[in-house]
Amino acid sequence: MNNLKIGIVCYPTQGGSGIVATELAQSLANLGHEIHIISYSRPFRLKYKKNKNIFFHEVTTYNYPLFEYTPYEINLTSKIVDVAVNYNLDLVHVHYAIPHASAALSAKQILRSLSKELPIVTTLHGTDITLIGKDKSFKPVIEFAINNSDIVTSVSKSLKEDTLKNFKIKKEIKIIPNFIDSALYCPTAENDKAEKIITHVSNFRKVKKVDHVLRVFYKVQKKINCSLNLVGDGPELKKIKELSKKLNIEKRVHFKKYSRKIHKELKNSTLFLLTSEKESFGLSALEAISSGVPVISTNVGGLTEIVVDGVTGFVSKLGDIKKMSDDCIKLLLDNDLYLRIRNNCVKHSKKYSTSEVVPQYIKIYKELLK
Ligand code: GMT
């Protein structure tokens, strides 16, 4: 049982869960495991350079005039069955309870009728629990999916607590945090350059409160010569562009497309701002601290596990624009404090490096298959 055949089901988009699933796939493939990624399109972070151990299986949907809503979960279930049989998967690791774990459970039942066992590892990322998961219409499916997965992991302590608070969970939930390639996300001397750049990276959904980022920056730029990099795309982008005009700061705000080179953007940044209303982990904050960039953030969810107040940055209550801007100004004016926090950032991020975290997943896969 050395090299495993693992199915990985994830969202392909810019969100953290898809990034973590893809990075996990790439790390496992580099260790010699055979990885089958199952998703509705090629994951954004999947490198184009062919890795002989990674296979991508696209879930195609079926449209018919009678269906007002395309039944994606059925197509996903069939694809999991198909890949499990044709490639003789040892297990499937799904990222998100719905619809990925619930589809995997249906696939498991179908496979049983074909005399094949398919163990399921489910990783909870947050939105499935703290946002959409709170909608009553999903509750029985989420509870069933979690309680019937063979192993369940959560990306933070806070998300585990939220899951236990909001659902009737009989299953043990193990915490395996998100991880980072610390050789790629590392500080360079460029962090010391005179130009002060504040960066925010997200998928511009309402939950990220990017308007608060602008309002914090508005106050900071009045006191300090600096610019704001807003990286990413999403439903709120248009409104944010309008707000930057209204605040008359558009010359200092640079909108950039999200790219796989985000580590380069961070190397040029002085501070990172994350003003989210909810964040089960905050992968972008981890990318920042690993790059030696102190983070100013809200104190919600799992964020405080990454942004340790006064150690790797400063945290505030949601919407406390004054405190967040004061914290930015304090860090930008006090070079000794800045360098101390920057060093702490790199140290704190080490326990989230790929080499520390990926073996924790391999350990649970092996335990499961014993
Ligand atoms: O919020 C996002 O950016 C997307 C979302 C996702 O599902 O991809 O992110 C969730 O999972 C990430 C990876 O585990 C976490 O870093 C994010 O904190 C979490 N988002 C929320 O909890 C809102």
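A backbone N or O atom of F281 lies 3.1 Å from an oxygen atom of the ligand. This is a predicted model, where local features need pLDDT of at least 70, side-chain atom pairs count only at pLDDT 80 or more, and totals for chains, interfaces and linings use all residues. Residues are numbered from 1 along each chain as its sequence is written, and side-chain values use heavy atoms, with hydrogens and water left out.

**Ligand contacts**
- A backbone N or O atom of L283 is 3.0 Å from a ligand oxygen atom.
- For S17, a backbone N or O atom lies 2.8 Å from an oxygen atom of the ligand.
- Taken alone, the ligand exposes 480 Å². The protein buries 95% of that (Shrake-Rupley method, 1.4 Å probe).

**Ligand surroundings**
- The ligand has 17 residues around it (a heavy atom within 4 Å).
- Of these, S17, Y96, H125, R205 and E279 come nearest.
- The shell divides into four nonpolar, nine polar and four charged residues. Asp, Glu, Lys and Arg count as charged; Ala, Val, Leu, Ile, Met, Phe, Trp, Tyr, Cys and Pro count as nonpolar; the others, Gly among them, count as polar.

**Domains**
- The domain assignment, automatic or from a database, gives domain 1 (5-179 + 354-369) and domain 2 (196-352).
- Their centres, taken over C-alpha atoms, are 30 Å apart.
- The contact between them (heavy atoms within 4.5 Å) takes 27 residues from domain 1 and 22 residues from domain 2.
- Each domain gives at least three residues to the shell around the ligand.

Notes: Polar contact = N/O pair within 3.5 Å; in protein donor to acceptor, adjacent residues only side chain to side chain.
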